[in-house]
Amino acid sequence: MDDAVITDAALAARDGDRAAAARFVELTQQQVWRLLVHLADHGVAADLAQETYERAFGSLRRFRAEAPARTWLLAIARRVAADHLRRRARRPVDPAPIQDGDEPLTGTRPGDVAEGIALRLAVDALPPDRREAFVLTQMLGLGYAEAAVVAGCPIGTVRSRVARARADLVEALGAGAENPEAVSREP
Amino acid sequence: MSRDADRRRLGVVGNSDDPARDLTSMGTLDCAACREELSAELDGEADPARRPAVLTHLGACPACTHWREQAAVVTRLTRTAPAEAGPDLVARVLPAAPRPRRRRLAARVALVAVGVAQIVLGALSLIGVAGHGGTMLGGADMAHMSHETAAWNLALGAAFVAGAYWTRHLAGLLPALGAFIVVLGVLSGLDLAAGRVEPDRVATHAVLLLGFALALVVSRTGPARGPSPAPRALAEPEAGPEPGPATAPPAPASRDHLGPVARDRPARREAA
């Protein structure tokens, strides 16, 4: 996925090119959706993705391509997720979240499924800051500098959050069972 | 934390009798810093300047060496995990995309011109009939009637000019203007037939018609509204003081919220 192609599509869409707008959505929607699945939850990701694009199109006039359009869009998605979580926190009755992640994935070996589910649960259990840094860099493939722009924090912060997320995952996935004290968080 | 990590390393490995020396000497990393470097390395973001210190640390710290292997496994697992495909949103979000601007800009400029023309007409009618007077009609003489007409024409001219600038408000002008044009059109036709008005006078109403058409173009080709209310805010009315019949019933199950949202949002109606 080429950042330059995405940015070109965004700039053309800004000037009213509807086909370019469709291309911009096509090229980015999987990443936006994946980010939202992990920052919010599976059940609302589609709605939040739609809200992300509506916000993005609404402020596209002010987009000057100072950052790649993908980074700009993901930063909007992140704000949409944060707004959603804030709204949900204000809601007096919070319906129990249903984990769609428990559904089996098609076209994969059983071993992959089990690993995939364990990984997803472990990722979702990470503290929000670490989860965000991990999803941006590992699942969306952003560089640390891009992830820092999306998350609005210094690169060094992304770096350490990713490392801590990895440490948490190593611990959670039991990869260190043979050598527990090596990864134990307590001295 | 880093001191803890360092002590842990010393406890596990026992390679140094002097923790202070380990922490202060050049090129030495504690476990936390080492693992951060190892993590960055997995992402191709390692700092080459710290590479020697990492190697030194790894040579003396089996725990970090082991962690590196585990972290690599987790990383590979993450990157090879099957990615579930999300929904295709193109049709849902495209109505919000910006619309072509050139035609719209032309329509706005033309609307300003029409507004100015309308103001000029209003001002002319004010001057032209200033000397008249005499016949009383409905409690006002002709001069006052024409003052009212002129005021209305001037107001419409101002509305066109302002609407060309603040295009968001233009849509609000359309119902009143449309009704005015329809009534005026019917009455003008009757008056023309009965010879109560010169065709020239009726022709000036074409300016209004043109202004209406342009206002319609500008408001219909406008960009989508900015940040829209959250989908949930529409689907589930806040527990506020507006339980009117117009609001959608609260979604009973959280899975069902997509349905009502899809019906509520005007943007999606366009897509359908």
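Colleague: Which residues in H1(A) meet which residues in H2(A)?

Modeller: A:Val5, A:Ile6, A:Ala9, A:Ala10, A:Ala12 and A:Ala13 in H1(A) meet A:Ala20, A:Ala21, A:Arg23, A:Phe24, A:Leu27 and A:Thr28 in H2(A); contact means heavy atoms within 4.5 Å. This is a predicted model, where local features need pLDDT of at least 70, side-chain atom pairs count only at pLDDT 80 or more, and totals for chains, interfaces and linings use all residues. Residues are numbered from 1 along each chain as its sequence is written, chains are lettered from A and ligands numbered from 1 in the order in which they are written, and side-chain values use heavy atoms, with hydrogens and water left out.

Colleague: At what angle do the axes of H1 and H2(A) cross?

Modeller: The axes cross at roughly 145° and come within 8 Å; they are lines fitted to C-alpha atoms over the stretch in contact, with angles from 0 to 180 degrees between N-to-C directions.

Colleague: What does A:Phe24 touch?

Modeller: Its contacts include A:Tyr53, A:Phe57 and A:Trp72, not counting residues up to four places away in sequence.

Colleague: How many helices and strands has chain A?

Modeller: Chain A has nine helices and zero strands, taken as DSSP runs (H or I, at least four residues; E, at least two).
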